[in-house]
Amino acid sequence: LQNYFNHFSSQMESGLNDILSANSSMMQTIQGIVNNITVQLIEVLSVFKNMFLGFLIAVYLLASRKLFGAQAKLLLYGVFPNKWAKIIEEEVRYTDKMFNGFFVGKIIDSAIIGLICFAGTTLLGFESAAFISVVIGVTNMIPFFGPLIGAIPTGFLILLSSPKKALVFAIMILILQQLDGNVIGPKILGNQLGINAFWILFSIIIGGGMFGFIGMLFAVPVFAVIRPLMLEFINNSLMKKNLSTDMKDYICNESASPPVDGEAKPEKESVVRTDGE
C-alpha cells in the first residue's frame, strides 16, 4: 500500500506540474497575442487619426488658399527689396507651374498606362491582373526607369508560375513603353519641361542615388526649376564679360576664343598651295 501510494502521489505531482506549466505557457501565449493585437489596433487607429487630421488641414488650406497667398506675398514684399521680392515671386510661380504640370500630366499618363495594362493582362488571363497593373501604373510616374522598375518584380512573380506568360508579359510591357514614350506621353505632357533626354536621365540617377524612389520621382521637375536659374546666371556672367550668349558661337575650334557679343565672326582664310611651296 505504501509503495502504491508513493507511486500514485508521484504521478499526481507530475500531472499537476504539467497542468500548471501548460497553463503558464498558455497564459503567456494569450498575453502575447493580446499585446500584438493591441499594438496593431493602436497603429491602425493612428493611421486613421493622421488621415483625418490631414484631410481636415487640407480643407482649411484649400478654403483659405487666397488668404494665405496674400499673406505670403505681403511677407515677401515686406522682408525683401522690391527687385528680389519680384524675382522670388516669379520663381515660385514658375516652380508651381512646372510641378503642377509635370505631376498632373504624369498621373493622367500613368493612369492610362495602368488601365491599358489591366485590360491586356485580363484578356491574356494573368493572375492578379489588378495588382500587376497598379504596380506598373505607379512606377510609370518615374521617367525612363519607371516601366523597368515595375516590370522586373511583377515579371519575376509571373515567371514563377508560367515562363510562357512571363515572356508574353515582357513583350506587352515593351509595347506599352513604346506607346507611352512615343504617343501617350508626348500628347499629354508635350515638351513643357524643355529638357533633353540626357539631363532627364542625369537628374533621375542623381535623385535616385541621394533620396531613393522619392528622389527619382521629384528629380525631373526639380531639375527643370534649377536649369533656367543656372542658364540665367551663366548668361548674366557672359554679358558682364561682353561675350556672346549664343551657344552656336561656341561650337568651334578648341583654339578659337569665344566671340565678343556683337562682333563679326572672322571668316576662314583660304590658302592656295602649289607644288613645291
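Predicted model: local features only at pLDDT ≥ 70, side-chain atom pairs only at ≥ 80, totals over all residues.

Colleague: Is Thr-121 buried or exposed?

Modeller: Buried means under 20% relative accessible area, exposed over 50%, and partly exposed in between (1.4 Å probe, protein chains only). Thr-121 has 0% relative accessibility and therefore counts as buried. Thr-121 belongs to helix H3, where helices (H or I, at least four residues) and strands (E, at least two) are DSSP runs, numbered from the N terminus. Contact means heavy atoms within 4.5 Å; leaving aside neighbours within four places in sequence, Thr-121 touches Phe-126, Ala-129, Ile-132, Ser-133 and Met-172.

Colleague: How does Leu-115 count, buried or exposed?

Modeller: Leu-115 is also found in helix H3, but its relative accessibility is 60%, so Leu-115 counts as exposed. Its C-alpha atom is separated by 8.1 Å from that of Gly-137, which is 22 residues apart along the chain.

Colleague: Which residues have the most contacts inside the largest nonpolar core?

Modeller: In soluble globular proteins, nonpolar side chains tend to be buried together. A nonpolar core is a set of buried Ala, Val, Leu, Ile, Met, Phe, Trp, Tyr and Cys residues joined through side-chain atoms within 4.5 Å. The largest one in this model has 14 residues, and those with the most contacts inside it are Phe-103, Ile-142, Ile-195, Ile-200, Ile-204, Leu-217 and Val-220. Helix H3 (82-123) and helix H7 (197-240) are the elements that give two or more residues to this core. H7 supplies the largest share, eight residues. Apart from this core lies another, of 13 residues, including Cys-117, Phe-169, Leu-176 and Ile-184.

Colleague: How many aromatic pairs does the structure hold?

Modeller: Rings of Phe, Tyr and Trp (its six-membered ring) pair if their centres lie within 6.5 Å; planes under 30 degrees apart count as stacked, over 60 as edge-to-face and the rest as tilted. The structure holds seven such pairs. The rings of Phe-102 and Phe-103 have centres 5.3 Å apart and planes at 80°, so this pair is edge-to-face. Phe-102 and Phe-103 are both buried, and together with Phe-99 and Phe-218 they form one aromatic cluster.

Colleague: Where in the chain is confidence lowest, and where highest, among the helices?

Modeller: pLDDT is the predictor's confidence in each residue, from 0 to 100. Confidence is lowest in helix H1 (residues 2-63), at a mean of 76, and highest in helix H2 (residues 65-79), at 90. For the chain, the mean is 79, and 80% of residues reach 70 or more. Over residues 266-277 pLDDT stays under 50, and the model has zero contacts there beyond four places in sequence.

Colleague: What does the secondary structure of the chain come to?

Modeller: The chain has seven helices and zero strands. Buried residues make up 23% of its 277 residues.

How values were computed: Residues numbered from 1 in each chain as written. Heavy atoms only, no water.
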